[in-house]
Amino acid sequence: MPQSRFILCLALAVIGLPGVVRAQSPALVSTWSTAGAYALARPWHLAFDPAGNVYVTDLAEHRVFAFTPDGSPILSWNCPVLAPLDFDPQGIAINAQGTAFVTTPGAQGPERFLLAAYTTSGAYLGPLGSVGSGPGQFGRPVDVAVDHDGNLYLADNAYMRIVVLSSTGDYVRQWG
């Protein structure tokens, strides 16, 4: 939508013309807290699997946590090919088939990668892309999203761009 049209729609909503739908104040649906092995220390991003379970990346715990929609813990995992404190999960997205894609922009160690695929039970499926500035490479992907076709969209903070990969990790395009 062009910017001028957006501003006009916003102005009409503010002055309250008939037929204009106003945004409702959000209402708290539920809250839940975690404890013990599932205590969140620095939750960063979250995603939902096809069953509605919630997956949360935690920077301080170096783990991905999974919860049912009502907050009951399911499991947690880290990356089995990195030392536990080298796993720095930030962005997370889950496709319709239940594959979780996690960005790890701070990951270090001999096998450094910035995006990896996992099953929703935490089994490591492998890295996608590589470190660098070329097509299909990333400098610091801080978030990932999946579209309806299964393509991955990565926000690469280092090179201020969006990188698009196919569902199999092949380079599609980039912009920014």
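**Strands, cores and hairpins**

Modeller: Let me start with one pairing in this predicted model: the residue that I92 faces across a bridge is V102, which belongs to β6.

Biologist: Over how many bridges do β5 and β6 pair?

Modeller: The bridge between I92 and V102 gives one point at which I92 meets β6. Taken as whole strands, β5 and β6 run in the antiparallel sense, and the number of bridges over which they pair is three.

Biologist: Is T99 buried or exposed?

Modeller: T99 lies in strand β6, which covers residues 99-103. Beyond four places in sequence, T99 is in contact with A93, I94, A117, Y118 and L125. Its relative accessible area is 18%, and because the limit for burial is under 20%, T99 counts as buried.

Biologist: What is the relative accessibility of Q90?

Modeller: Q90 is placed in the loop between β4 (73-77) and β5. Not counting residues up to four places away in sequence, Q90 touches W44, H45, T57, L59, T103, P105, R140 and V142. Q90 counts as buried, with a relative accessibility of 6%.

Biologist: Which residues touch the most other members of the largest nonpolar core?

Modeller: This core has 15 residues, and the elements that give two or more residues to it are β3 (63-67), β5, β6 and β7 (115-119). A second, separate core of twelve residues includes A93, L115, L128 and V163. Within the largest core, the residues that touch the most other members are Y55, V64, F87 and Y118.

Biologist: How many residues of strand β13 are buried?

Modeller: Strand β13 spans residues 161-165 and is mostly covered. One of the residues in the second core is V163. Of the five residues in β13, the number buried is four.

Biologist: Which residue in the turn between β12 and β13 has a positive phi?

Modeller: Strand β12 (residues 152-156) pairs with β13 in the antiparallel sense over five bridges, and D156 stands opposite R161. The two strands form a hairpin with four residues between them, and the turn residue with a positive phi, of about 45°, is M160.

Biologist: And which residue has a positive phi in the turn between β13 and β14?

Modeller: Strand β14 (residues 171-175) runs antiparallel to β13 and is joined to it by four bridges, with W175 as the bridge partner of I162. This hairpin has five residues between its strands, and the turn residue with a positive phi, of about 95°, is G169.

Notes
Residues numbered from 1 in each chain as written. Predicted model: local features only at pLDDT ≥ 70, side-chain atom pairs only at ≥ 80, totals over all residues. Heavy atoms only, no water. Buried < 20%, exposed > 50% of the residue type's maximum accessible area, 1.4 Å probe, protein only. Contact = heavy atoms within 4.5 Å. Pairing = 2+ DSSP bridges. Core = buried A, V, L, I, M, F, W, Y, C linked by side-chain atoms within 4.5 Å.
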